[in-house]
Amino acid sequence: MSERVERLRCAWLGDSRDALAVARAVVDGNLGDLVAAAECGDLAGDLLRLSPGLRLENDWEALLTRGGFQAVLVAGDSDAVLEGARQLARGGARLLVWVGGSATRLFSELTLLDAESPGRLHPLLPQRHLPGLSSLAADLAARKLGSLLSVQFVRTRPEPALDAAALDRDFLHDVDLLRSLLGRFEQLTAFRHADPSGRILQATTTLGGPNLPPVAWQVMPGGGAGWRLTVAGELGRVVIEANDRELTRQHDGTVSETWTLPQAGTHALLRTAQDALAPPLRDAPLAISEDERAEGEQAGHRTTWDDLLRGVELVAATQESLRRRRTIDVLFEAPSERNLFKSHMTAAGCGLLLVTPVLVVLYLLVAAAFPLPEWLKIALVALVFTPFGLFLLLQGLVWITRPSAAEISAQDQTAATATVPLPRGAGPGAAPR
């Protein structure tokens with residue numbers, strides 16, 4: 001795949017050391033040239049060792065002035081980094097966004113940018129690209145395991161107690177892996193068990209989706225760092241396990257594939273970078289076969305901003321489930337300017353409905369207590385009712401934010417999926433589109 005991807009002019013923006021591995025995958029994989037960096041803090045030396053010809057800029061504005069970057073690796077979430085990312089994307093650059101510790105801030109700051117310029121933002125979620133998962137996705141798509149009976153993802157951490165922020169970060173990446181294999185989730189129930197001092201000793205989340213058995217995600221402290229994914233079906237059982245040394249794939253108790261941890265990590269990062277830098281399927285060269293195009297739609301490929309949005313939505317549902325102590329229905333709606341307009345207008349309308357009666361009562365009290373000239377009465381009445389009248393007039397502007405052609409097409413596809421019977425082989429093992 002890499003030989004068909006032209007080397008791109010890439011820039012670095014941010015100071016997250018964790019994202020250096022992605023930049024190394026881009027350079028070492030001959031996918032692009034890292035030619036400039038800004039807002040990088042104390043990472044300047046590391047970046048220069050990675051790309052000796054790199055130009056260090058004082059701030060993101062210098063990157064915008066130079067221009068000519070096809071891709072920008074966003075490695076942070078400071079105000080300067082996010083503002084620079086917005087401006088560079090509006091200038092035509094593709095953003096490769098490293099999803100670190102505060103994905104919620106990235107989500108809230110950049111989501112409307114994705115609505116303005118669809119396809120410009122690519123979250124970097126390497127875990128779904130680990131070796132062994134693509135073959136598992138193929139087995140599920142071909143229903144080689146039969147109907148699924150259970151799915152369990154267990155993560156262990158060496159600390160004696162669990163940190164809430166680390167739990168959310170792990171869940172975001174783990175649930176993205178599960179979504180890439182199984183499809184969407186529509187229900188979620190979360191539990192966190194704590195000792196009398198408030199330390200979290202165990203976290204369990206159960207997920208449910210269309211035609212899926214309960215999917216259990218669990219984190220336990222006090223063990224070696226690693227995780228274990230178990231997928232059991234009527235015709236077989238697959239286990240993918242990662243520890244501090246290696247990644248293994250077992251089928252019915254027999255180890256079928258083994259990778260060292262550095263080998264697996266390098267593979268995942270390279271595939272992540274290839275996925276983010278590859279052209280959209282509709283723009284891919286005609287020399288690419290139909291089978292290769294179909295492979296790009298398989299689980300573990302073509303990560304979009306929507307994947308991050310759905311992951312953040314599930315993290316938020318986890319918090320809601322913990323707060324309300326019950327199962328939460330996950331209702332996801334893609335953000336758009338139309339939805340934002342409707343939300344703001346609804347909030348403004350509620351505020352006016354509360355304020356206008358209060359102002360009317362105050363006007364009547366003042367008019368009854370003091371003799372007011374006629375012109376002042378008219379002016380006060382106008383001040384009371386003019387905001388509400390303007391609000392009603394503004395309701396007519398909703399046609400300006402009518403859904404785009406892409407939104408209408410997505411709604412039509414959703415309706416068709418809901419009303420047309422599923423074809424044979426499109427059950428729980430089918431790879432999501």
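Buried means under 20% relative accessible area, exposed means over 50%, and partly exposed lies in between, with a 1.4 Å probe and protein chains only. This is a predicted model, in which local features need pLDDT of at least 70 and side-chain atom pairs count only at pLDDT 80 or more, while totals for chains, interfaces and linings use all residues. Residues are numbered from 1 along each chain as its sequence is written, and side-chain values use heavy atoms, with hydrogens and water left out.

**View 1. The whole chain.**
The chain holds 13 helices and 15 strands. Both are DSSP runs numbered from the N terminus: helices are H or I with at least four residues, strands are E with at least two. Of the 433 residues, 42% count as buried. The accessible surface is about 22,400 Å², and carbon and sulfur atoms hold 57% of that. Such areas come from the Shrake-Rupley method with a 1.4 Å probe; for residues, only the protein chains shown count as cover. Among contacts with a separation of 6 or more, 68% join residues 24 or more positions apart. Contact means heavy atoms within 4.5 Å.

**View 2. Two cysteines, C40 and C350.**
C350 is partly exposed, at a relative accessible area of 45%. C40 is buried, at 8%. A disulfide is a covalent bond between the sulfur atoms of two cysteines. The search criterion is a pair of cysteine sulfur atoms within 2.5 Å. Across the whole structure, that search finds 0 disulfides.

**View 3. Helix α1 against helix α8.**
Helix α1 covers residues 20–28 and helix α8 covers residues 261–277. They pack at an angle of about 75°, with axes 9 Å apart. Axes are lines fitted to C-alpha atoms, for helices over the stretch in contact, and angles run from 0 to 180 degrees between N-to-C directions. The two helices are therefore roughly perpendicular. That label covers 65 to 115 degrees; angles under 35 count as roughly parallel, over 145 as roughly antiparallel, and the rest as oblique. From α1, A21, V22, A25 and V26 meet L269, L270, A273 and L277 of α8. The contact residues divide into 8 nonpolar, no polar and no charged. Here Ala, Val, Leu, Ile, Met, Phe, Trp, Tyr, Cys and Pro count as nonpolar, Asp, Glu, Lys and Arg as charged, and the others, Gly among them, as polar.

**View 4. Helix α6 against helix α7.**
Helix α6 spans residues 133–141. Its axis and that of α7 come within 9 Å and cross at roughly 40°. L133, L136, A137 and L140 in α6 meet L177, L181 and L182 in α7. This contact divides into 7 nonpolar residues, no polar and no charged.

**View 5. D176 in helix α7.**
D176 sits in helix α7, residues 164–182. D176 is buried, with a relative accessible area of 3%. Leaving aside neighbours within four places in sequence, D176 is in contact with L125, R128 and D307.

**View 6. V312 in helix α10.**
Helix α10, residues 305–324, contains V312. V312 is buried, with a relative accessible area of 9%. In sequence, V312 and H173 are 139 residues apart; in space they are 9.9 Å apart, C-alpha to C-alpha.

N30 is not a glycine, yet its phi is positive, near 55°. N30 is in the loop between α1 and β2 (32–38). N30 is partly exposed, with a relative accessible area of 47%. E39, also not a glycine, has a positive phi of about 55°. E39 lies in the loop between β2 and α2 (44–50). E39 is partly exposed, at 23%.
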